[in-house]
Amino acid sequence: MKVLGISGSPRKDHSTDRLVKEVLNAVDVETEFISLADKRIGPCIACLGCIEDNICKVKDEMRGLRDRIVEADAYVIGAANYYSMLNAMAHCFLERFYQFRHREGKTVAGKLGVAVGIGGSNGDKVVENIKTFFAYNQIECIGSVSAQGAASCFTCGYGESCKVGAVHKFFGPDTKITQEMIPDLDKQPDKLEAARQLGQKLCERLKGFAAAT
Ligand SMILES: Cc1cc2nc3c(=O)[nH]c(=O)nc-3n(C[C@H](O)[C@H](O)[C@H](O)COP(=O)(O)O)c2cc1C
């Protein structure tokens with residue numbers, strides 16, 4: 001049994017990576033973590049070259065991930081909230097699952113998934129995006145976690161005076177930024193705990209799968 005964790009955030013070791021890893025660390029079977037940050041993966045170009053054999057013909061770094069996706073029994077997919085939807089890097093990666101959808105592909109259908117969403121305010125929309133993606137691909141979503149990551153307006157240097165940024169949006173004008181206000185995953189132990197519980201739940205489900213076969 002193997003769980004593949006994928007973070008679609010372009011920032012390595014940032015909130016999305018961390019929350020995906022928190023789920024993986026609670027999984028008591030083999031795991032692998034992949035960051036898309038240093039991968040060059042373009043969108044699906046709808047060439048339909050995958051129709052016959054369920055193998056994408058676009059020549060980029062998705063090729064190196066295909067076998068790992070097929071071999072995995074479950075996916076923990078995390079992405080960042082960019083403009084209230086999942087970030088483009090993650091979206092490109094997910095679009096390329098189109099290669100698995102045709103006829104009797106049976107490459108990802110029936111597997112388990114966990115959705116992880118991170119945003120400067122929250123990752124709720126991202127979680128919904130990933131859940132929809134799972135449903136299209138007949139991956140059973142066993143749960144999700146949404147948390148607040150970084151809101152750069154608190155650290156960019158202009159946050160207190162900027163009228164269009166997150167500081168004003170969250171706390172109103174004339175706010176003095178304090179350390180306690182700055183969003184950080186470490187300030188959300190409940191979210192970290194929820195991620196660990198999802199990892200345990202995923203593990204139990206996978207062991208149930210293994211016992212049944
Ligand atoms: C281009 C861009 C757009 C963003 N749009 C939103 C947004 O609409 N809502 C939100 O809550 N956070 C938004 N954010 C903040 C990120 O979701 C937040 O920084 C998150 O922590 C990013 O994940 P990371 O920490 O793994 O990089 C945006 C960030 C960027 C760079």
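This is a predicted model: local features need pLDDT of at least 70, side-chain atom pairs count only at pLDDT 80 or more; totals for chains, interfaces and linings use all residues.
Helix axes here are lines fitted to C-alpha atoms over the stretch in contact, and angles between them run from 0 to 180 degrees between N-to-C directions. Helix α1 and helix α6, which spans residues 189-212, pack at an angle of about 45°, and their axes lie 6 Å apart. Angles from 65 to 115 degrees would count as roughly perpendicular and those under 35 degrees as roughly parallel, so α1 ends up oblique to α6. As for handedness, α1 passes α6 in a right-handed crossing.

Sorted by class, the contact of α1 with α6 has 6 nonpolar residues, along with 2 polar and 2 charged ones.

Helix α1 turns up again at the ligand. There are 16 residues around the ligand, and S15, T16, G119, G120 and G149 come nearest. Looking at the shell by element, those giving two or more residues are α1 (15-25), β3 (74-82) and β5 (112-119). Strand β3 supplies the largest share, with 3 residues.

Zooming out, the protein chain splits into two domains. Domain 1 is made of two pieces, 2-149 and 184-212, while domain 2 covers 151-183. Taken over C-alpha atoms, the centres of domain 1 and domain 2 are separated by 31 Å. Contact between the two involves 4 residues of domain 1 and 4 residues of domain 2. On the side of domain 1 that touches domain 2, the tally by class is 3 polar residues and 1 charged residue, with no nonpolar ones. The contact of α1 with α6, by comparison of the listed classes, includes 6 nonpolar residues.

How values were computed. Residues are numbered from 1 along each chain as its sequence is written. A residue is near a molecule or strand if its C-beta atom, placed from the backbone, lies within 6 Å of it. Helices (H or I, at least four residues) and strands (E, at least two) are DSSP runs, numbered from the N terminus. Angles under 35 degrees count as roughly parallel, over 145 as roughly antiparallel, 65 to 115 as roughly perpendicular and the rest as oblique. A crossing is left-handed if the near helix is turned anticlockwise from the far one by less than a right angle, and right-handed if clockwise. Ala, Val, Leu, Ile, Met, Phe, Trp, Tyr, Cys and Pro count as nonpolar, Asp, Glu, Lys and Arg as charged, and the others, Gly among them, as polar. Domain bounds come from an automatic or database domain assignment. Two residues are in contact if their C-beta atoms, placed from the backbone, lie within 7 Å.
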